[in-house]
Amino acid sequence: MSRNLTADLAADLRNRIVDGAIQPGEKLPSENTLISEFGVSRTVVRSALTRLQAEGLVETERGRGSFALTPPAEGPSQAPGTRPVSSMEDRLQMLDFRVGVETEAASLAARNHTERQLKAAHGALEQFIASAGHPAHSMKADFEFHRAIAAATGNPFYTDCISALGQTMITMPRPRLVTTEDQDSPERFAEVVHEHTSIYTAISEGDPVAAAAAMRVHLNNSRRRFTGSARS
């Protein structure tokens, strides 16, 4: 019976997240609220949240509560063998993987891009800059920028790879994902804008060495920001 209650609660919260009723970065109802709303025990609530964490839909911070993450995109990312990205270790390994793939992608994009592809990357960059203060929009625009660079390589395997990873590849530190009063958050966002701009500029100037270096710096800084946020 408890397992059914857990599954029902997990399904309800999952649907809210996937349908957008609970946006990425938004705090889920408190344990007490869920206990009251569903008439279940605290154990059931915690089991349901644990299940959603394992699916990469929820992240829980001790003392702060549980927050929705961006649901994995449907399609290629649901293919057999796809690994869920839910734990801190998963996210760090994802960043390590991206360094290898996207550094070379940026280099190829600098060599091979068309004007149309360059315009798409610039449009994604502008959307990202305009998304400050809107976590869901920011994550989507961040992903679209990286996907536009993959497309600019002229090699469809890069595009397929980035598309398959989906938005969960964007490893946002908590201050970027959750709108808070944290004074460091605007500075962190400005850092990412500067890094994205450096990548775009190198690609637009046709400089593969600078493009690869800018992408590597960006992803290494993303790793630093994520680990720093996780410790705070």
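**Notebook: a helix pair and a hairpin**

I looked up the handedness of the crossing between α4 and α7, and it is left-handed. The model I am reading is predicted. Helix α4 covers residues 88–112 and helix α7 covers residues 156–165. I noted that their axes come within 11 Å and that the crossing angle is roughly 145°.

Next I listed who makes the contact. From α4 I wrote down M94, F97, V101, E102, E104, A105 and L108. From α7 the residues are Y158, C161, I162 and L165. I then sorted the contact of α4 with α7 by class: 9 residues are nonpolar, 2 are charged and none is polar.

I moved on to the strands. Which way do β1 and β2 run relative to each other, parallel or antiparallel? They run antiparallel, and 4 bridges join them. I have β1 at residues 58–61 and β2 at residues 65–68.

For the pairing I checked two positions in β1 and β2. V58 stands opposite A68 of β2. T60 has S66 in β2 as its bridge partner.

Last, I looked at the turn. The hairpin of β1 and β2 has 3 residues between the strands. In this hairpin I found G63 with a positive phi near 85°.

How values were computed
Residues numbered from 1 in each chain as written. Predicted model: local features only at pLDDT ≥ 70, side-chain atom pairs only at ≥ 80, totals over all residues. Heavy atoms only, no water. Axes fitted to C-alpha atoms, helices over the stretch in contact; angles between N-to-C directions. Left-handed = near helix turned anticlockwise from the far one by under 90°. Contact = heavy atoms within 4.5 Å. Nonpolar A, V, L, I, M, F, W, Y, C, P; charged D, E, K, R; others polar. Pairing = 2+ DSSP bridges.
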